[in-house]
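Please look over the sequence and the model before reading on.

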Amino acid sequence: MEVLSRELSIRKINDLASQEIPFVFLISFSGEQNLIAAPGEAAAGGLFLDLPGMKNHEFPVIPEQDIRLSKSPPDRNKYFRAFKRVKEEINYGNSFLLNLTCPTPIETNYELRDIFIRSIAPFRLYLDCLLYTSDAADDAMNVLLAGVG
């Protein structure tokens, strides 16, 4: 599974959709570094799905253990400034839907794959490798849109 430009992503999405082949996509913030794949291709590239009607893995159930989790939330004042800005932009009419996200380092005794396996959620996605990187700071691992077509 290769990282695709905007133009190649559009072509691949159109091709898969015209053939009525289900696919999953991860679109970067800039739209220039994207992953688009049918479920089998996604699994081969380290992108695992567990969605209603679409599952591309058979990970074994792991033994249950107590989960330890510690987090470092963002600075409260920085967060409230950002939240105020979000409300201003919505009030200006610049967006009808806006997500405010902040980096939040966490530490746990579970691996990401274990969290994916143990999670109880109807929509789960796990990217097992660092295929999705960028030299551009605003694009590195920032996924704007993930979905299924």
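## Salt bridges

Arg 118 has a relative accessible area of 29%, so this residue is partly exposed. The model is a predicted one. Arg 118 forms a salt bridge with Glu 64, and their closest N and O atoms are 3.1 Å apart. This pair links distant parts of the chain, 54 residues apart: Arg 118 is in helix H4 (residues 112–118), and Glu 64 is in the loop between strand E4 (54–55) and E5. Glu 64 counts as exposed because its relative accessibility is 69%.

The count of salt bridges comes to 6. The table lists some of them, including the pair just described.

| Salt bridge | N to O distance |
|---|---|
| Arg 124 and Asp 50 | 2.2 Å |
| Arg 118 and Glu 64 | 3.1 Å |
| Glu 89 and Arg 85 | 3.3 Å |

The side chains of Arg 124 and Asp 50 meet at 2.2 Å, N to O. Arg 124 counts as buried because its relative accessibility is 12%. Asp 50, at 14% relative accessibility, therefore counts as buried.

The side chains of Glu 89 and Arg 85 form a salt bridge at 3.3 Å, N to O. Why are Glu 89 and Arg 85 separated by about one helical turn? Because they are 4 residues apart in helix H3 (residues 76–91). Glu 89 has 18% relative accessibility and so counts as buried, whereas Arg 85 has 51% and so counts as exposed.

## Nonpolar cores

Which residues make up the largest nonpolar core? It has 10 residues: Val 24, Leu 26, Leu 35, Ala 37, Ala 42, Leu 47, Leu 49, Leu 51, Met 54 and Leu 127. Strand E1 (24–28), strand E2 (35–37) and strand E3 (47–51) each give two or more residues to this core. The largest share, 3 residues, comes from E3. A second, separate core has 8 residues, among them Ala 43, Phe 48, Ile 62 and Phe 116.

Leu 49 belongs to the largest core. Leaving aside residues up to four places away in sequence, Leu 49 touches Val 24, Pro 39, Met 54, Lys 55, Asn 56, His 57, Phe 116, Arg 124 and Leu 125.

## Aromatic pairs

The whole structure holds 7 aromatic pairs. One of them joins Phe 23 and Phe 25, a tilted pair with 6.1 Å from centre to centre and 45 degrees between the planes. Phe 23 and Phe 25 are both buried. For Phe 59 and Phe 116, the ring centres are 6.1 Å apart and the planes stand at 90 degrees, so this pair is edge-to-face. Phe 59 lies in the loop between E4 and E5 and Phe 116 in helix H4, so the pair ties together parts that are 57 residues apart in sequence. Phe 59 and Phe 116 are both buried. Ring pairs also link Phe 48, Phe 59, Phe 116 and Tyr 126 into a cluster.

## Surface patch

On the surface, Ile 67, Leu 69 and Ile 106 form a nonpolar patch, and together they have about 320 Å² of accessible area. Leu 69 is in strand E5 (residues 69–71). Leu 69 counts as exposed because its relative accessibility is 59%.

Terms used. Residues are numbered from 1 along each chain as its sequence is written. This is a predicted model: local features need pLDDT of at least 70, side-chain atom pairs count only at pLDDT 80 or more; totals for chains, interfaces and linings use all residues. Side-chain values use heavy atoms; hydrogens and water are left out. Patches are made of residues with over 30% relative accessible area and no salt bridge: like charges are joined within 9 Å, nonpolar side chains (Val, Leu, Ile, Met, Phe, Trp, Tyr) within 5 Å. Accessible areas come from the Shrake-Rupley method with a 1.4 Å probe; for residues, only the protein chains shown count as cover. A salt bridge is a side-chain nitrogen of Lys or Arg within 4 Å of a carboxyl oxygen of Asp or Glu. Buried means under 20% relative accessible area, exposed over 50%, partly exposed in between (1.4 Å probe, protein chains only). A nonpolar core is a set of buried Ala, Val, Leu, Ile, Met, Phe, Trp, Tyr and Cys residues joined through side-chain atoms within 4.5 Å. Contact means heavy atoms within 4.5 Å. Rings of Phe, Tyr and Trp (its six-membered ring) pair if their centres lie within 6.5 Å; planes under 30 degrees apart count as stacked, over 60 as edge-to-face and the rest as tilted.
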